[in-house]
Amino acid sequence: MAYNNPDGVMIGLEIHVQLNRLKTKMFCGCSTQYHNSQPNTHVCPVCMGLPGALPVINEGAVEASMKVGLALNCEVTDRTQFHRKNYYYPDLPKGYQVSQYDYPIVSNGKVVIEGEDGELVVRIRRAHMEEDPGKMVHMGTIDKSRGTLIDYNRSGMALLEIVTEPDLRSPKEARRFLDKLRNILEYLDVFDSNLEGSMRVDANISIGGGSRTEVKNISSHKGAERALIYEIMRQKNLLRRGGVVTMETRHFDEARGVTTSMRTKEEEHDYRYFPEPDLVPLKVKDRTSRLLDTLPELPDARRDRFVSQYGVPEMHAKALTSDIKVADFYEMVAEKVDPKVAATWVADVLKGELNYRDLTVKSFNVEDMVKIIQMVIDDRITDRSGVEVIRTMLDSGGIPMDIVQQKGLMKAEDSVVSSAVDEAIKENAAAVEDYMQGKEQSMNFLVGQVMKKTRGRADPQTVREMIISRIK
Amino acid sequence: MITEEEVEHVGWLARIEIDRSKSKEYAEQLNSVLDYFKQLDEVDTEGVEPTYHVEDLVNVLRPDTVTESLTQEEALQNTEHKKDGYFRAPGIM
Ligand SMILES: [Zn+2]
């Protein structure tokens with residue numbers, strides 16, 4: 001069914017991605033491995049903006065940006081260059097941010113996501129390179145600030161700002177876009193989403209063709225969805241009361257889940273962009289075909305391959321490839337056991353149990369998964385016991401065989417089940433009679449008796465079938 | 001024409017406090033600088049490529065290889081405003 005977008009919602013996103021898989025910063029050789037380090041230990045005259053320091057562009061950052069652009073189906077700009085964006089803030093040691101302005105490195109791309117009503121094409125307007133500012137730590141409470149402390153370790157980290165057209169029509173679509181983007185970036189190995197501050201999002205929202213507001217300071221995908229839901233509701237309520245949405249910048253307060261107006265005296269022209277005289281232009285379009293050759297298999301292609309190579313349903317292929325680590329994990333498991341069975345266990349069971357506990361697939365190892373699936377395939381444990389083994393391992397560790405033994409999950413021998421069924425029928429003639437008279441619950445009672453006799457190691461469905469065939 | 005209000009706004013952008021008694025004088029000075037630049041507008045630049053950089057260079061790049069950073073002591077040696085390894089600035093917000 002077509003989605004008719006009742007409120008005329010239009011959402012565009014600006015996503016700042018830290019290219020944190022590079023070894024060094026954008027314009028200097030300082031290491032990017034500053035997380036968990038003392039403040040101001042990954043700095044040099046360039047990234048602290050000391051007079052006379054000369055920035056030099058990191059070739060790795062240029063190629064990583066191009067790869068992202070190519071993966072997003074963008075064109076590479078023939079001649080691209082850097083500008084200075086001027087504003088004064090303590091986290092910006094030079095008094096300007098080196099960014100790109102009229103010639104971003106890539107532009108005019110598109111990404112296909114799963115929209116409200118099937119595939120949705122989200123156009124990418126542009127992606128430009130810029131440097132990250134330092135990090136500020138506020139002393140005391142925000143109300144009674146006793147000063148700001150600044151750590152320049154982050155200053156000069158390579159960022160890529162990806163800007164979409166306002167093609168998204170709901171908070172859900174925005175979140176799906178962000179999930180897909182993150183997935184692509186991780187496939188490209190230019191980005192590690194687990195590091196603090198690795199992806200920051202600003203969102204432009206308008207409804208019913210009215211003015212748009214820009215919501216800043218969104219730091220997670222869940223946060224983006226919440227901020228958008230709130231902002232759409234706020235605009236709708238405002239219109240319902242006869243008000244008018246004014247073009248403004250708003251701040252998302254993650255803790256309270258609300259957006260608040262940010263008084264900004266700076267307008268676009270106040271940034272006084274001008275070409276960065278310390279950097280010469282880039283002409284790197286001729287690297288396009290070489291870089292295209294180095295692009296890894298991306299999520300959509302891998303999904304299609306999973307369907308054709310392993311014969312797994314589209315739904316499982318999607319779930320498995322929506323996170324590169326899960327996809328890699330699955331392929332290793334699928335080498336050892338039936339790929340279709342493996343797909344169910346990894347996509348439905350393991351992923352669900354991991355999500356529930358907020359864990360990643362790193363918390364589980366391939367060999368254990370293979371052992372569990374093999375026991376199920378060999379009919380030594382039931383599906384339900386397989387799930388229980390996984391849960392136990394995630395909650396308290398251990399190895400599959402030990403857990404199976406400690407919990408007595410090994411399926412009872414067929415002969416044991418068979419005699420337990422015979423006993424249960426003999427000992428509960430009244431229940432058998434009731435079932436024959438059409439009392440369905442009596443069957444549950446009989447199955448329960450068999451389960452009790454086998455201490456839960458029989459498969460309930462099989463037991464049920466055995467009882468029915470013997471009393472008829 | 002630059003007005004006194006614009007002088008004050010530009011001062012604010014640069015976080016420089018402009019003495020009210022001086023803003024008229026600064027406006028006049030800035031206007032004379034702008035007049036001087038207006039002479040450049042009279043040159044016919046039809047068909048001339050814009051010059052973004054005086055050197056005719058492109059692609060000055062460095063490999064993604066780590067070089068040594070400063071120590072925390074070195075990083076902070078030019079300031080008196082420091083605390084626990086951080087630079088210290090007035091309260092923001
Ligand atoms: Zn540096």
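Ala458(A) is buried, at a relative accessible area of 3%. Before going on, note that this is a predicted model. Ala458(A) sits in the loop between helix 14 (440-453) and helix 15 (460-471) of chain A.

Next, salt bridges. Over all chains, the search of the whole structure finds 47 of them.

The side chains of Arg290(A) and Glu63(A) form a salt bridge, at 2.6 Å from N to O. Arg290(A) is in helix 4 (residues 288-294) and Glu63(A) in helix 1 (residues 59-71) of chain A, so this pair ties together parts 227 residues apart in sequence. Which partner is buried? Glu63(A) is, with a relative accessible area of 16%, while Arg290(A) is partly exposed at 44%.

The second pair is Arg175(A) and Glu225(A), whose side chains meet in a salt bridge at 3.0 Å, N to O. Here too distant parts of the chain are linked: Arg175(A) belongs to helix 2 (residues 171-187) of chain A and Glu225(A) to helix 3 (residues 221-240), 50 residues apart. Arg175(A) is partly exposed, with a relative accessible area of 26%, and Glu225(A) counts as buried at 18%.

Now backbone angles. Most residues other than glycine have a negative phi. Asn5(A) has a positive phi, near 50 degrees. Asn5(A) falls in the segment before strand 1 (10-18) of chain A and is buried, with a relative accessible area of 16%. In chain B, Asn59(B) has a positive phi near 55 degrees. Asn59(B) is in the loop between helix 2 and strand 1 (61-62) of chain B, and counts as partly exposed at 26% relative accessibility.

That brings us to chain B as a whole. Its secondary structure comes to 3 helices and 3 strands, in the order α-α-β-α-β-β from the N terminus. How does the radius of gyration of chain B, 22 Å, stand against a compact globule of 93 residues? Such a globule would be near 12 Å. The C-alpha atoms fill a box of roughly 55 × 45 × 25 Å along the principal axes. Of the 93 residues, 20% count as buried. The accessible surface of chain B is about 7,700 Å², with 52% of that belonging to carbon and sulfur atoms.

On charge, chain B has 9 positive and 22 negative charges, and their mean positions are 12 Å apart. A surface patch of negative charge gathers Glu4(B), Glu5(B), Glu6(B), Glu25(B) and Glu28(B). Which helix gives the most to the negative patch? Helix 1 of chain B does, with 3 residues. Glu25(B) lies in helix 2 and counts as partly exposed, at 38% relative accessibility.

Last, the nonpolar surface patch. Val33(B), Tyr36(B), Phe37(B) and Leu40(B) make up about 460 Å² of it. Phe37(B) is placed in helix 2 (residues 20-41) of chain B, and helix 2 also supplies at least two residues of the negative patch.

Terms used:
Residues numbered from 1 in each chain as written. Chains lettered and ligands numbered in written order. Predicted model: local features only at pLDDT ≥ 70, side-chain atom pairs only at ≥ 80, totals over all residues. Heavy atoms only, no water. Patch = residues over 30% accessible without salt bridge, like charges linked within 9 Å, V, L, I, M, F, W, Y side chains within 5 Å. Areas by Shrake-Rupley, 256 points an atom, 1.4 Å probe, with all protein chains shown as cover. Salt bridge = Lys/Arg side-chain N within 4 Å of Asp/Glu carboxyl O. Helix = DSSP H or I, 4+ residues; strand = E, 2+ residues; numbered from the N terminus. Lys, Arg positive; Asp, Glu negative; His and termini not counted. Charge placed at Lys NZ, Arg CZ, Asp CG, Glu CD. Buried < 20%, exposed > 50% of the residue type's maximum accessible area, 1.4 Å probe, protein only. Rg over C-alpha atoms; globule rule 2.2 N^0.38 Å.
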